[in-house]
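Subject: Structure for you to look at

Dear colleague,

Here is the structure I promised to pass on, with the sequence alongside. My notes on what was found in it follow below, and I would be glad if you read them with the structure open.

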Amino acid sequence: MGLPLTGGPNPTNTVFFSCALSNVKKVSLELGGKSPLIIFADCDLSKAVQMGMSSVFFNKGENCIAAGRLFVEDSIHDQFVQKVVEEVRKMKIGNPLDRDTNHGPQNHQAHLQKLIEYCQRGVKEGATLVCGGKQVPRPGFFFEPTVFIDVEDHMFIAKEESFGPVMIISRFANGDVDTVLSRANATEFGLASGVFTRDISKALYISDKLEAGTVFINTYNKTDVAAPFGGFKQSGFGKDLGEAALNEYLRVKTVTFEY
């Protein structure tokens, strides 16, 4: 039987190496992600804002398929950012057991500190912090929902996963589909991705070109037990869910019989 493993690339290398040294154990690896979400001007903007926020802030950003970077077409960029910030400021931060709460605490103090340093580095490298970026002044490991814009491809926050409630927004030129695809794929990860557009032909073209194990079209975070789930590149290999997941626990045998 295979060994299913969820984690980041660094500790996983150790596990993978141990499997090779011991008995060449078969493993299924679901690792990190920096999932791109591409938002075109011809999208349903209200839905893109709603789902874009969910793609980042769901479960305080502690979500392996969270949209680690949003690419927004230039003609709607400012309007998109304005609407997102308006909605962020409406979010209720508090006890996650309270049904009225929209945003709870991070998992532990070390992660909270990592998020603070992550945002400080983003500002230092020249990204514009629109809102958030700080610990909430109340007991607990609460971190403000955060939005960065003017994020360039070379920046740390454009490349590294925060695993927190940090929305990273970059512009792309109107109509420049292939360039934004190239930028979206310029990551070592390939767990998930997404696209918002009313143009089905464009959506299908992009879903074919995106180098990720899952592509969401005009939605996000919508998974199903029947749909195979797993990543490409440094996001791992093997599949959870669906019929394909059964292959991780099976061995194929050939029997040649002559009678």
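I begin in the sheet, where the bridge partner of Thr146 in strand E7 is Val166. This pair belongs to the contact between strand E6 and strand E7 (residues 166-172), which run parallel and are joined by three bridges. On strand E5 (residues 128-131) the sense is antiparallel, again with three bridges to E6, and there Leu129 has Phe148 of E6 as its bridge partner. Within E6 itself (residues 146-149), Thr146 and Phe148 point one way while Val147 and Ile149 point the other way, and all of them are buried.

Please keep in mind that this is a predicted model. The pLDDT of the chain averages 92, and 95% of the residues score at least 70; over residues 1-5, however, the pLDDT is below 50, although this stretch has 19 contacts in the model beyond near neighbours in sequence. Where pLDDT is low, the predicted coordinates should not be read in detail.

Salt bridges

A search of the whole structure finds eleven salt bridges, and I describe some of them here. The side chains of Arg183 and Asp153 meet in one of these, at 3.0 Å from N to O. Because Arg183 lies in helix H6 (residues 177-185) and Asp153 in the loop between E6 and helix H5 (156-159), the pair ties together parts that are 30 residues apart in sequence. Salt bridges that share partners also bring in Arg69, so that Arg69, Asp153 and Arg183 form one network. Is Arg183 buried or exposed? With a relative accessible area of 18%, Arg183 is buried, since the cut-off for that class is under 20%, whereas Asp153, at 34% relative accessibility, counts as partly exposed.

Lys90 forms a salt bridge with Glu87, with the closest N and O atoms 3.1 Å apart; here Lys90 is exposed, at a relative accessible area of 59%, and Glu87 is partly exposed, at 30%. Glu125 and Arg121 meet through their side chains at 3.3 Å, N to O, and both count as partly exposed, Glu125 with a relative accessible area of 29% and Arg121 at 41% relative accessibility.

Helices and their surroundings

In helix H3 (residues 74-88) you will find Ile76, which counts as buried at 8% relative accessibility. Leaving aside neighbours within four places in sequence, Ile76 is in contact with Ile39, Phe40, Ala41, Cys43 and Leu45. Ile76 and Asn174 are 98 residues apart in sequence, yet their C-alpha atoms are 9.3 Å apart in space.

His111, which lies in helix H4 (residues 109-124), likewise counts as buried, at 8% relative accessibility. Not counting residues up to four places away in sequence, His111 touches Glu62, Gln106, Ser162, Phe163 and Gly164.

Backbone and surface

One of those contacts of His111, Phe163, has a positive phi of about 55° although it is not a glycine. Phe163 is placed in the loop between H5 and E7 and counts as partly exposed, at 33% relative accessibility. Another residue other than glycine with a positive phi is Asn218, where the value is near 60°; Asn218 is found in the loop between strand E9 (214-217) and strand E10 (236-237), and at 21% relative accessibility Asn218 counts as partly exposed.

Lastly, which residues make the nonpolar surface patch of about 270 Å²? The patch is made by Ile200, Leu204 and Ile217. Of these, Ile200 lies in helix H7 (residues 200-209) and, at 53% relative accessibility, counts as exposed.

Conventions. Residues are numbered from 1 along each chain as its sequence is written. This is a predicted model: local features need pLDDT of at least 70, side-chain atom pairs count only at pLDDT 80 or more; totals for chains, interfaces and linings use all residues. Side-chain values use heavy atoms; hydrogens and water are left out. pLDDT is the predictor's confidence in each residue, from 0 to 100. Contact means heavy atoms within 4.5 Å. Patches are made of residues with over 30% relative accessible area and no salt bridge: like charges are joined within 9 Å, nonpolar side chains (Val, Leu, Ile, Met, Phe, Trp, Tyr) within 5 Å. Accessible areas come from the Shrake-Rupley method with a 1.4 Å probe; for residues, only the protein chains shown count as cover. A salt bridge is a side-chain nitrogen of Lys or Arg within 4 Å of a carboxyl oxygen of Asp or Glu. Helices (H or I, at least four residues) and strands (E, at least two) are DSSP runs, numbered from the N terminus. Buried means under 20% relative accessible area, exposed over 50%, partly exposed in between (1.4 Å probe, protein chains only). Two strands pair if DSSP finds at least two bridges between them.
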